[in-house]
Amino acid sequence: MLSILQVTFPFFALVLCGYVATRRRMLPLEAIGGLNSFVLFFALPCMLYRFGASTPIAQMLDATLFGVYLLCSLALVGLTVLSTRRGPAATRLGWNDTAFGALVAAFPNTGFMGVPLLVALLGAQVVGPTIVTLVADMVFTSSLCIALSRLDGAGQHGVAQALRNALRGVVANPMPWSILLGGLASVLGFSLPAPLQKTVSLLADAASPVALFTMGAVLARSQLLPSRQAASTRGWGDVPRIALYKLVLHPVLVWGAGRAAMAAGLPLDPFALTVVVLLAALPSASNVSMLTERFGADTGRVARIILLSTVVAFVSFPAAVAWLR
């Protein structure tokens with residue numbers, strides 16, 4: 001418990017710093033969009049590229065582990081979409097908010113919180129399974145949800161235009177491109193020139209603290225400017241349910257699917273399964289709030305889901321560790 005606290009406390013503290021700085025107007029509200037763009041287009045892509053380039057390609061090609069994790073993520077996205085879109089059309093959330101609610105339910109905070117936390121708990125061998133989940137989340141799950149978020153225009157502009165908007169949203173997402181380029185560099189044994197590599201490393205090191213600080217700032221702004229929440233009339237209504245999906249249902253699904261795959265004789269390392277179950281038990285990824293900012297969804301709603309899942313995970317994640325041990 002002490003080792004978990006030593007790793008998790010700084011993350012909570014950085015979110016709190018961003019929240020307090022914004023509430024006290026030490027950080028101008030106008031600056032939050034700039035912080036978001038810095039993380040989304042500079043720091044986070046560099047961090048993902050470094051992950052991909054520094055991991056042997058064989059560790060990223062565990063087809064069974066990838067299939068188990070991706071299947072569970074897609075099932076969770078589908079469940080969240082169905083539960084969000086039900087009800088009268090007048091009160092139903094649009095596809096933009098529905099899609100990012102589904103993404104925040106299925107996307108764990110792997111890069112910013114999971115890597116340092118699991119390395120401290122289980123050692124450096126967690127990196128291989130972690131990259132598998134990052135590829136699934138960054139390339140497939142996030143791209144699917146961004147595509148779904150573009151469907152709001154289907155009724156007014158036709159399905160073809162909606163599909164073009166979906167494809168444009170996927171292509172404009174820098175995260176999957178970063179990890180794919182890193183994987184290509186790993187395959188080719190390519191290394192950036194030293195000055196460029198140093199630049200990438202500096203930006204990558206900034207990703208986690210700035211993203212967590214920005215998450216706290218976004219949460220504070222959503223409370224200072226309630227008009228930004230106009231896209232959602234539910235307030236906190238579905239926030240606990242989606243946080244429950246993330247912290248409880250997601251790891252249980254991954255564990256059950258992994259055990260079923262092992263029982264069927266598929267090659268799946270028990271240690272790798274433990275790693276991905278613990279990753280699924282992490283709170284929601286803070287970078288989803290940055291994507292909602294980019295694509296014009298209800299950032300306040302997503303920030304509340306991230307905050308609640310992060311706070312509850314302080315208790316639920318150690319419980320998941322004890323359960324798997």
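At what angle do helix α4 (residues 95-106) and helix α13 (residues 287-295) pack, and how far apart are their axes? Before selecting them, note that this is a predicted model, in which local features need pLDDT of at least 70, side-chain atom pairs count only at pLDDT 80 or more, and totals for chains, interfaces and linings use all residues. Residues are numbered from 1 along each chain as its sequence is written, and side-chain values use heavy atoms, with hydrogens and water left out.

Select α4 and α13 together: the angle is about 165° and the axes lie 10 Å apart, which makes α4 roughly antiparallel to α13 (a term for angles over 145 degrees). The crossing of α4 past α13 is right-handed. Now show the side chains in contact (heavy atoms within 4.5 Å), which are Asn 96, Phe 100, Leu 103 and Val 104 of α4 and Val 288, Leu 291, Thr 292 and Phe 295 of α13.

Finally, select Trp 255 and Trp 323, whose ring centres are 5.5 Å apart with planes at 55°, so that the pair is tilted. This pair links distant parts of the chain, with Trp 255 in helix α11 (residues 239-263) and Trp 323 in helix α14 (residues 299-324), 68 residues apart.

How values were computed. Axes fitted to C-alpha atoms, helices over the stretch in contact; angles between N-to-C directions. Helix = DSSP H or I, 4+ residues; strand = E, 2+ residues; numbered from the N terminus. Parallel < 35°, antiparallel > 145°, perpendicular 65-115°, else oblique. Left-handed = near helix turned anticlockwise from the far one by under 90°. Phe/Tyr/Trp six-rings, centres within 6.5 Å; stacked < 30°, edge-to-face > 60°.
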